[in-house]
Amino acid sequence: MKTTNFNLENLVRANVAKLKPYSSARDEYVSDGSKMIFLDANENPYENGVNRYPDPQQRNLKSVLAAQKKVAEHQILLGNGSDEVLDLIFRAFCEPGQDTIITLPPTYGMYKVLAAINNVNEREVLLTPDFEPDVVSVLDAVDENTKLIFLCSPNNPTGNIFSEEKISTILQNFDGIVVVDEAYIDFADTPSWISQLKMYPNLIVTQTLSKAYGMAGVRMGLCFASVEIIGVLNKIKPPYNVNELTQQRALTRVKDTAIVAKEVATILEERKKLAEALETVSFVKKLYKTDANFLLVKVDDANKRYQELLEHGIVIRNRTTQPLCENTLRFTVGTTAENEALIKVLQTI
Ligand SMILES: *Cc1c(COP(=O)(O)O)cnc(C)c1O
């Protein structure tokens, strides 16, 4: 095992390193629960549940998450969806017009979009035909300006979790930061890379409440890394990036582990039934292995089948334009009734 020459100070953008963060009213005086009169933030004093600014450090939520994920609270950053978290990572480490990131298509489209927004070069190293990272080519694509490598595992849209050995080889041989996007980890039976944060100072793990937790509407992204990396991201996050309503709803939901686990178990059962039904559909050519709440399927003619499903009131994702994904469709697993309706339509068209 090669240990990298990882040095966080060399990776942080110079302007971020020397920046003094905005200090909000709620940062300067942290309530210890005693009854105080708050005249510090120019708020309207009349109570309506949201008249006060939210906790900029989301302490209640982080304390529950820290216990559940077995990390320190200072190893957590929360954002307005993982999309905000990913954007903060770009802005902390990538010098516009100079630095480079590596993505492994076919994968989540936001990495490329965020690179373009931040004027950061994106190098694409295709997955192998079995949708695993091509480790040698990924490491070959690294140069002195490469700051970030994005690994989405389980990967969207392919659905598979990447081999542990391949991810650890990349972590061990890259001096920049490896972001493992685990948006779908709750559907996989493999442990999260969060448990490896102690081993790898160059690892950032992102998760979200948008998928398994059923909270896409509240926008809550989770980021786990070393205390040092989280410290850098904290400096540049907007002070009140997670609103009060989101904090409240997310807290209730993450405490409700039994309900989330039950819904995930049901979705996995439904996924199995849907996969079995898809196997029998005449125009389905191949079903890919999935560790997520969706199925990638190769069909005879993706554009045609996509249109037919739309005409029957069913919206899926056509992935045919993605590399290695010619004539593929992505089906999210729905409720039992929704999946039955889908299967019925698939068998008639
Ligand atoms: C859905 C998804 C996300 C979630 O983004 P949010 O902004 O948290 O809703 C992140 N990464 C991947 C790969 C996804 O598919």
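This is a predicted model: local features need pLDDT of at least 70, side-chain atom pairs count only at pLDDT 80 or more; totals for chains, interfaces and linings use all residues.
## The ligand site

The shell around the ligand holds 13 residues. Those that come nearest are Ser82, Thr208, Ser210, Lys211 and Arg219. By class, the shell has four nonpolar, five polar and four charged residues.

Asp181 places a side-chain N or O atom 2.7 Å from a nitrogen atom of the ligand. Tyr184 has a side-chain N or O atom 2.6 Å from a ligand oxygen atom. For Asn156, the distance from a side-chain N or O atom to an oxygen atom of the ligand is 2.9 Å. Taken alone, the ligand exposes 390 Å². The protein buries 94% of that area.

## Helices α5 and α9

Two packed helices are described by the angle between their axes and the distance between the axes. Helix α5 spans residues 82-93, and helix α9 spans residues 227-236. Their axes come within 9 Å. They cross at roughly 95°. Angles of 65 to 115 degrees count as roughly perpendicular, and α5 and α9 are therefore roughly perpendicular to each other.

On the α5 side, the contact is made by Leu88, Ile89, Arg91, Ala92 and Phe93. On the α9 side, Ile229, Val232, Leu233 and Ile236 take part. The contact of α5 with α9 has eight nonpolar residues, no polar residues and one charged residue.

## Helices α11 and α13

A second pair joins helix α11, residues 257-279, with helix α13, residues 336-348. Here the axes are 11 Å apart, and the packing angle is about 5°. Angles under 35 degrees count as roughly parallel, so α11 is roughly parallel to α13.

From α11, the contact uses Glu270, Lys273, Leu274, Ala277 and Leu278. From α13 come Thr336, Asn339, Leu342, Ile343 and Leu346. By class, the contact of α11 with α13 divides into six nonpolar, two polar and two charged residues.

## Backbone features

Most residues other than glycine have a negative phi, and most peptide bonds are trans. Some places in this model depart from that pattern.

Two cis peptide bonds deserve a look. One joins Ser153 and Pro154, with omega about -5°. Pro154 lies in the loop between β4 (146-152) and α8 (164-173). The other runs from Asn156 to Pro157, with omega near 15°. Pro157 also lies in the loop between β4 and α8.

Lys70 is not a glycine, yet has a positive phi of about 60°. Where is Lys70 placed? Lys70 sits in the loop between α4 (59-69) and β1 (76-79).

Notes:
Residues are numbered from 1 along each chain as its sequence is written. Side-chain values use heavy atoms; hydrogens and water are left out. A residue is near a molecule or strand if one of its heavy atoms lies within 4 Å of it. A polar contact is a pair of N or O atoms within 3.5 Å; within protein, one must be able to donate a hydrogen and the other to accept it, and residues adjacent in sequence count only if both atoms are side-chain atoms. Accessible areas come from the Shrake-Rupley method with a 1.4 Å probe; for residues, only the protein chains shown count as cover. Ala, Val, Leu, Ile, Met, Phe, Trp, Tyr, Cys and Pro count as nonpolar, Asp, Glu, Lys and Arg as charged, and the others, Gly among them, as polar. Axes are lines fitted to C-alpha atoms, for helices over the stretch in contact, and angles run from 0 to 180 degrees between N-to-C directions. Helices (H or I, at least four residues) and strands (E, at least two) are DSSP runs, numbered from the N terminus. Angles under 35 degrees count as roughly parallel, over 145 as roughly antiparallel, 65 to 115 as roughly perpendicular and the rest as oblique. Contact means heavy atoms within 4.5 Å.
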